Amino acid sequence: MLKGKKILLGITGSIAAYKAPYIVRSLIKSGAEVKVILTPAAKDFVSKLTLSTLSRNPVLSDLFDQDSWSNHVMLGRWADLFVIAPLSQNTLSKMANGICDNLLLAVYFSATCPVVVAPAMDEDMWHHPATQANISKLISFGNNILPVERGELASGLNGDGRMAEPEQIVKSISDRFFLSKQLRGKKALVSAGPTYEPIDPVRFIGNHSSGKMGIAIAKELYNRGAEVTLVLGPVPSEVSIPGVQMINVNTAQEMYDTCIKEFEISDISVMAAAVADYTPVSPAKQKIKKSGDLMMIELKRSTDILKSLGERKRPGQVVVGFALETTDEKNNALKKLEEKNADMIILNSLKDKGAGFGYNTNKVTIFDKNGAEMKFEQKSKTEVARDIIDALIHFYYE
Ligand code: CTP
């Protein structure tokens with residue numbers, strides 16, 4: 001299941017470190033290659049000898065071991081995945097706040113691979129606002145958090161904060177990061193970003209969409225094996241996604257024309273763009289000069305791309321849309337699902353802090369045309385994209 005995957009396991013100073021050798025054993029049994037890093041505090045909880053025997057590699061713990069320097073940059077680059085389990089309160093707060101005083105942290109700050117953490121602490125520590133703020137920071141950095149479990153804690157109390165069981169950790173990471181390519185052979189179309197509707201050669205009507213949600217969906221579809229075309233509006237920073245075909249557009253009309261054409265050959269279409277609903281009737285050819293105190297711009301409705309795809313949908317094609325709502329969220333989302341003949345609608349509410357335009361995080365509810373409703377916690381947009389594609393595969397390809 002993890003054959004040939006290179007996993008770096010970071011262990012920090014928490015009583016749950018006694019479970020770390022089981023994680024190593026389970027990773028090795030799944031076919032992974034494992035290297036282990038300990039923080040200085042972790043050395044009090046678990047033996048280097050046990051870990052090096054199980055991982056079949058030397059265990060690293062210091063930036064400087066005797067006379068040699070441990071190359072933290074190369075360790076981060078070697079790994080396909082960096083797992084930190086257990087993650088103590090102390091290391092969590094250093095990760096969240098840029099403090100780098102040991103090898104594990106140096107590797108974390110220089111790692112280019114995905115990072116997944118399994119926190120472990122006592123219930124009151126876990127629920128402390130400082131801990132939760134640091135967890136939110138890690139999510140906003142794009143790190144993945146394995147949920148803590150409820151149960152008996154080292155203090156003797158019962159509550160939240162237990163590290164997930166080793167088998168569960170290994171299963172979660174192999175499901176999340178090394179999934180089989182369930183969408184191999186499928187073609188996917190994604191729209192993302194804003195549109196700019198010209199008023200004259202130098203002015204436009206636009207919106208604050210960053211395109212991040214749609215970009216994350218395009219990446220996730222690609223990771224699952226689909227052949228992906230991303231139709232991207234004018235986002236603030238340049239985007240290039242290895243393996244994904246990009247078509248850059250500016251206006252709602254250009255986005256419509258491109259999506260209609262690409263839809264013909266697409267199995268899956270996810271419309272995540274914030275398309276302008278209205279566009280100037282006749283943009284001026286020359287820059288408009290100011291005159292008078294008031295100015296009127298006549299606008300007309302742009303074509304609804306998602307709805308047009310819904311009308312053209314053939315059996316076997318799956319169409320997914322978004323709904324950004326501020327009031328009566330569920331009903332409005334369900335109305336869009338039906339009116340636009342979509343198969344799934346992803347609702348994000350602007351009421352939720354950290355959800356929607358510009359943020360790196362989002363909080364969504366997925367509605368399926370067959371009545372399913374799946375509510376998710378606030379997560380990084382990468383993780384939200386994973387949840388959306390998991391749901392799509394579950395409903396239409398399993
Ligand atoms: N959408 C689209 N083309 C448009 C407008 C919207 O493809 N011209 C798609 C969006 O990409 C999104 C969904 O429709 O997937 C919902 O967009 P939203 O702006 O939330 O809803 P609207 O249908 O525009 O309705 P309203 O603004 O009245 O809420």
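This is a predicted model: local features need pLDDT of at least 70, side-chain atom pairs count only at pLDDT 80 or more; totals for chains, interfaces and linings use all residues.

Biologist: Fine, then what is the strand order in the open sheet of five strands?

Modeller: The order in that open sheet is 2-1-5-6-7, and the pairing is parallel. Strand 2 (33-38) and strand 7 (144-145) stand at the edges with a single partner strand each, so one side of each has no neighbour in the sheet.

Biologist: How many bridges join strand 1 to strand 2?

Modeller: Strand 1, which covers residues 6-11, runs parallel to strand 2 and is joined to it by six bridges. If you want a place to look, Lys6 stands opposite Glu33 in strand 2.

Biologist: And what holds such strands together in general?

Modeller: Strands of a sheet pair through backbone hydrogen bonds, and the pairing can be parallel or antiparallel.

Biologist: Moving on to strand 19, is it enclosed or left open by the rest of the structure?

Modeller: Strand 19 (residues 344-349) is largely enclosed by the rest of the structure, because six of its six residues are buried. Met344, Ile346 and Asn348 point one way from the strand, while Ile345, Leu347 and Ser349 point the other way, and all of them are buried.

Biologist: Which strands does strand 19 pair with?

Modeller: Strand 18 (residues 318-325) pairs with strand 19 in the parallel sense over six bridges, and there Leu324 has Asn348 as its bridge partner. Strand 21 (residues 364-368) pairs with strand 19 in the antiparallel sense, over five bridges, and Met344 stands opposite Asp368 in strand 21.

Biologist: Now helix 13, what span should its 16 residues give?

Modeller: At 1.5 Å a residue, helix 13 (residues 381-396) should span 22 Å, and its end C-alpha atoms are 22 Å apart, which agrees.

Biologist: Which residues of helix 13 are buried?

Modeller: The buried ones include the nonpolar Val384, Ile388, Ile389, Leu392 and Ile393, but Lys381, Glu383, Arg386 and Asp387 are also among them.

Biologist: Last topic, the surface: which residues make the nonpolar patch?

Modeller: Tyr278, Met295, Ile297 and Leu299 make a nonpolar surface patch of about 370 Å². Leu299 lies in strand 17 (residues 299-301), and with a relative accessible area of 39% Leu299 is partly exposed.

Note on methods
Residues are numbered from 1 along each chain as its sequence is written. Side-chain values use heavy atoms; hydrogens and water are left out. Helices (H or I, at least four residues) and strands (E, at least two) are DSSP runs, numbered from the N terminus. The expected span of a helix is 1.5 Å times one less than its number of residues. Buried means under 20% relative accessible area, exposed over 50%, partly exposed in between (1.4 Å probe, protein chains only). Patches are made of residues with over 30% relative accessible area and no salt bridge: like charges are joined within 9 Å, nonpolar side chains (Val, Leu, Ile, Met, Phe, Trp, Tyr) within 5 Å. Accessible areas come from the Shrake-Rupley method with a 1.4 Å probe; for residues, only the protein chains shown count as cover. A salt bridge is a side-chain nitrogen of Lys or Arg within 4 Å of a carboxyl oxygen of Asp or Glu. Two strands pair if DSSP finds at least two bridges between them.
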